[in-house]
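Please read it with the model open.

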Amino acid sequence: MAEYTLLNQINSPKDVKKLNASERKELAEEMRQAIINRVSKIGGHLGPNLGTVELTIALHTVFDSPKDKIVFDVSHQCYPHKLLTGRQRGFLTQEGFEEISGYTNPQESEHDMFIVGHTSTSVSLAAGLAKARDMQGQKFNVIALIGDGSLSGGEAFEGLDNAGDFKSNFIVIINDNEMSIAENYGGLYGNLAELRKNHGQAKSNYFTALGYDYVYVENGNDAEELISVLQKVKESTHPVVVHVHTLKGKGYKPAEENKEMFHWTVPFDVKTAQPTVDFGAKGYGEYVADYLEEQAKKNDKLAVINAATPGALALQEFRARHREKYFDVGIAEEHAIAFTSAMAKGGMQPIALFFGGFVQRAYDQLSQDLCLNKSPAVLVIENTGISGMDATHLGVFDIPLMSNIPNLVYMAPASVDELYRMLDWAMAQKDFPVAVRTPAVKPQELKFKPQKPIVLNEFEMTKKGSKVVLIGLGSMLKLAEDTADILAQKGIDATIVNPRFMTGLDENLLNSLIGEHDTIVTLEDGVLDGGFGEKIARFYGPTGVKVYSFGADKEFPDRVPADELYRRYCLTAEQIANKIL
């Protein structure tokens, strides 16, 4: 790997400190090539990492990690850090790609403080480290690196506000690349723009108002300028913000020109910048986008709310065509829920969309601001279910979280047609908030298609049989059908039920199953503990009917292939049929 001459000599930050200015510049180019090599082959966060190469070199030149603690926000900018802390194999070799995650992880390296994949956390985490240091009389630097729109999250403000009156060393680096995951939204970013325009000398300064000293670095992709500034603030005895202006996607022209597309990307051809994977059939998110498009044409009261993830939820085209109906509130799920609730109370028909792994960030708002007030808003929780995602992005915890909040109706469609009927029903009713859960898997062809009109808490029996009942929630209805096919070969004609609702039981249907059936099987693509199956098991507890619930274990699997997880959880048709038999 001759093209990585310098990078291959970097085994720890100690080696970075030995470099001169010319070598640091060469190292930066090699690091960019390594990042592009990894992301182009397996996907990942490209733009934010390319933009913070020099900043990371400067950090490891000035500070002494792991004694000095560097806390990354979201970890969207941690690839350069991994390259300088002994994890080059994760970027340079096919075998090494799977050795590291896309986020900071203490199990990988002593230079990573936390497993972090959600936003706006770094200042709070760093503040806790600084306070623990001070209480024990220790001496080292604590640095929080925050950027990519994370300042719009409530926790970022809470951390900044609390740490603003510390009386000891505390350094916050604002990586300002003028972007969030997509476009930046919010008044704070106007202040950042004013600070950039006036080279840090604007009369209004968000950070000094909170008690911080403030330093502005215009060329945040100049390692030498950064090193000079960091050396000056290193010995600070009170909180300081270093506002660094960087170029998102620096070093790869397509990423510089299309910052949103290359924030996170699937594998792509470096020369053409085109994806090298076939996306195949449309996913549920694209069908939801189609529904929103039709609503926008005929519904003057429609308002679509999103918390800074338009790309993950297929909303870019809707945003472009319907700016007046689209509200990106920034990376702020808590605000998004309350905002949505109030829009519904105010007479609009809001639909708020959330990535399944992020909705837990707004539990209190779901409970208090939305459900306690019975605001007739509609939520769509997308990309849910069992997947091979990183541990920070799992979509299997939403059912226990949401299905146990009073007043909320949580629904799981088993087909695209049923998705549309559920959304229509949710939009038409005015009595309570409704959430619709869509899975990460693509829509599947069903033998017994759901057809029954949506009525609150009414299940649908899609196939009548005897002895065994298979209740398949949402996308699990196809698994119920596949299991029934295997049982049929053994002489068992199973009944299949599509429950549709996770927040209420169809007691009439469930009672009708007693007598002709002695075994009930529930299937869900979420964690079992506190989930849908337990509700069915509790209902049948006083009866002689046996209930077997299949779903995910309560754990944080990290980049485990989905097929392997389905086998681990006994969620294949063969495993389920064998258990029943």
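Predicted model: local features only at pLDDT ≥ 70, side-chain atom pairs only at ≥ 80, totals over all residues.

1. Phe556 is exposed, with a relative accessible area of 63%. The cut-offs behind the two labels are over 50% for exposed and under 20% for buried, with partly exposed in between.

2. The structure holds 15 aromatic pairs. Phe397 and Phe556 make one that is edge-to-face, with 5.7 Å centre to centre and 65° between the planes. This pair links distant parts of the chain, as its residues are 159 apart. Phe397 sits in the loop between strand S11 (378-384) and helix H17 (398-402), and Phe556 in the loop between strand S18 (546-552) and helix H22 (562-568).

3. Trp425 and Phe432 form a tilted aromatic pair, with centres 6.2 Å apart and 35° between the planes. Trp425 counts as buried at 17% relative accessibility. Phe432 is buried too, with a relative accessible area of 15%. Both labels hold because buried means under 20%.

4. Other ring contacts are worth a look. Tyr206, Phe207 and Tyr214 are linked by ring pairs into a cluster. Two lysines lie over ring faces: Lys69 over Phe140, at 5.4 Å from the ring centre, and Lys131 over Phe166, at 4.3 Å from the ring centre.

5. What is the strand order in the open sheet of 5 strands? The order is S2-S3-S4-S6-S5, and the pairing is parallel. Strand S2 (69-72) and strand S5 (213-217) stand at the edges; each has a single partner strand, so one side of each is left without a neighbour in the sheet. From one strand to the next, the twist averages 20°.

6. Helix H7 (residues 122-135) lies across S2, strand S3 (142-147) and strand S4 (170-176), and runs at about 175° to S3. Helix H11 (residues 223-233) lies across S4, S5 and S6, and runs at about 170° to S5.

7. An open sheet of 6 strands has the order S9-S8-S10-S11-S13-S12, again with parallel pairing. Which strands stand at its edges? These are strand S9 (326-328) and strand S12 (409-411); each has a single partner strand, so one side of each lacks a neighbour in the sheet. Neighbouring strands here are turned by 20° against each other on average, direction ignored.

8. Strand S8 (residues 302-306) pairs in the parallel sense with strand S10 (residues 349-355) over 5 bridges. Val304 stands opposite Ile351 in S10, and Ala352 in S10 is the bridge partner of Ile305. S8 also pairs with S9 in the parallel sense, over 3 bridges. On that side Ile305 stands opposite Phe327 in S9.

9. Is S8 buried or exposed? 5 of its 5 residues are buried, so S8 is largely enclosed by the rest of the structure. In a regular strand the side chains alternate between the two faces of the sheet. Both faces of S8 are covered: Leu302, Val304 and Asn306 are buried on one side, and Ala303 and Ile305 on the other.

10. Helix H18 (residues 416-428) lies across S8, S10, S11, S12 and strand S13 (434-439). H18 runs at about 165° to S13.

11. For the chain as a whole, there are 23 helices and 18 strands. The radius of gyration is 26 Å, close to the 25 Å that the globule rule gives for 581 residues, so the chain is as compact as a globular protein of that length. Along the principal axes, the C-alpha atoms fill a box of roughly 80 × 55 × 50 Å. Buried residues make up 60% of the 581 residues. Of the contacts between residues at least 6 apart in sequence, 76% join residues at least 24 apart.

Notes:
Residues numbered from 1 in each chain as written. Heavy atoms only, no water. Phe/Tyr/Trp six-rings, centres within 6.5 Å; stacked < 30°, edge-to-face > 60°. Helix = DSSP H or I, 4+ residues; strand = E, 2+ residues; numbered from the N terminus. Buried < 20%, exposed > 50% of the residue type's maximum accessible area, 1.4 Å probe, protein only. Lys NZ or Arg CZ within 6 Å of the ring centre and 35° of its normal. Pairing = 2+ DSSP bridges. Axes fitted to C-alpha atoms, helices over the stretch in contact; angles between N-to-C directions. Contact = heavy atoms within 4.5 Å. Rg over C-alpha atoms; globule rule 2.2 N^0.38 Å.
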